[in-house]
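Grab a pencil and have the model open beside you. The exercises each start with a task and then walk through a solution.

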Amino acid sequence: MPRLAIIPARGGSKRILRKNIKLFHGKPIITYSIAAAIKSGLFDEVMVSTDDVEIKNISLELGAKVPFLRSENTSNDTATTLEVIKEVLESYRKEGKLFDEVCCIYPTAPLMKSSHLTAGL
């Protein structure tokens with residue numbers, strides 16, 4: 001039963017500029033979500049959906065996958081999380097990769113632990 005963790009992290013934050021990679025206790029805030037997802041061992045793949053090359057590079061350094069950048073349609077101020085998830089799943093489907101379960105983890109959740117993900121499952 002393949003599982004995918006999707007961390008939606010666009011670069012165009014309006015209220016808090018660059019919020020997904022702002023330092024929180026000395027590390028980019030997205031670090032905590034990626035680390036929790038990987039440490040949980042629940043997912044066959046932990047991926048970051050982004051339109052931003054800097055976020056992509058940080059995510060790759062942390063062990064997440066970024067197989068493609070988001071389209072303009074899902075990178076604007078009005079795009080919903082559901083639209084992002086649908087785009088990710090469609091992109092994977094086109095590559096022949098299907099997942100039975102998908103978990104959306106927000107990049108600005110530094111207090112989330114891998115144990116929370118396990119309990120949630």
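This is a predicted model: local features need pLDDT of at least 70, side-chain atom pairs count only at pLDDT 80 or more; totals for chains, interfaces and linings use all residues.

**Exercise 1. Work out the strand order of the open sheet, and find which strands sit at its edges.**

Step 1: Start with S1 and look for its partners. Strand S4 (residues 45-49) pairs with S1 in the parallel sense over 5 bridges. Strand S5 (residues 101-104) also runs parallel to S1, and 4 bridges join the two.

Step 2: The open sheet has 3 strands in the order S4-S1-S5, paired in parallel. S4 and S5 are the edge strands, as each pairs on one side only. From one strand to the next, the twist averages 25°.

Step 3: Check a few bridge partners. Isoleucine 7 stands opposite valine 48 in S4. On the S5 side, arginine 3 has glutamate 101 as its bridge partner, and isoleucine 6 has cysteine 104.

**Exercise 2. Decide why S1 can be called largely enclosed by the rest of the structure.**

Step 1: Recall the cut-off: a residue is buried if its relative accessible area is under 20%.

Step 2: Count along the strand. In S1 (residues 3-8), 6 of the 6 residues are buried, so the strand is largely enclosed by the rest of the structure.

Step 3: Sort the residues by face. In a regular strand, side chains alternate between the two faces of the sheet. For S1, one side carries Arg3, Ala5 and Ile7, while the other carries Leu4, Ile6 and Pro8; all of them are buried, and both faces are covered.

**Exercise 3. Find how many residues of helix H1 are buried, and what covers them.**

Step 1: Go through residues 30-40. Of the 11 residues in H1, 8 are buried, and the helix is mostly covered. The buried ones are Ile30, Thr31, Tyr32, Ser33, Ile34, Ala36, Ala37 and Ser40.

Step 2: Look at what lies against them. The cover includes strands S1, S2 (23-24), S3 (27-28) and S4, along with helices H2 (53-61) and H4 (114-120).

Step 3: Step just past the helix. There, glycine 41 takes a positive phi of about 70°.

**Exercise 4. Describe the largest pocket: its space and its lining.**

Step 1: Begin with the space. The largest pocket holds about 410 Å³.

Step 2: Turn to the lining. It has 20 residues, with Pro8, Arg10, Ser13, Lys19 and Asn20 nearest the pocket's centre.

Step 3: Sort the lining by type.

Methods:
Residues are numbered from 1 along each chain as its sequence is written. Side-chain values use heavy atoms; hydrogens and water are left out. On a 1 Å grid over the protein atoms alone, a cavity is a set of points where a 1.4 Å probe fits but cannot get out, and a pocket is an open set with protein on both sides within 12 Å along at least five of seven lines; lining residues have an atom within 4 Å of a point. Grid points are joined across faces, edges and corners, and a volume is the space filled by probe spheres set on the points. Buried means under 20% relative accessible area, exposed over 50%, partly exposed in between (1.4 Å probe, protein chains only). Two strands pair if DSSP finds at least two bridges between them. Contact means heavy atoms within 4.5 Å. Axes are lines fitted to C-alpha atoms, for helices over the stretch in contact, and angles run from 0 to 180 degrees between N-to-C directions.
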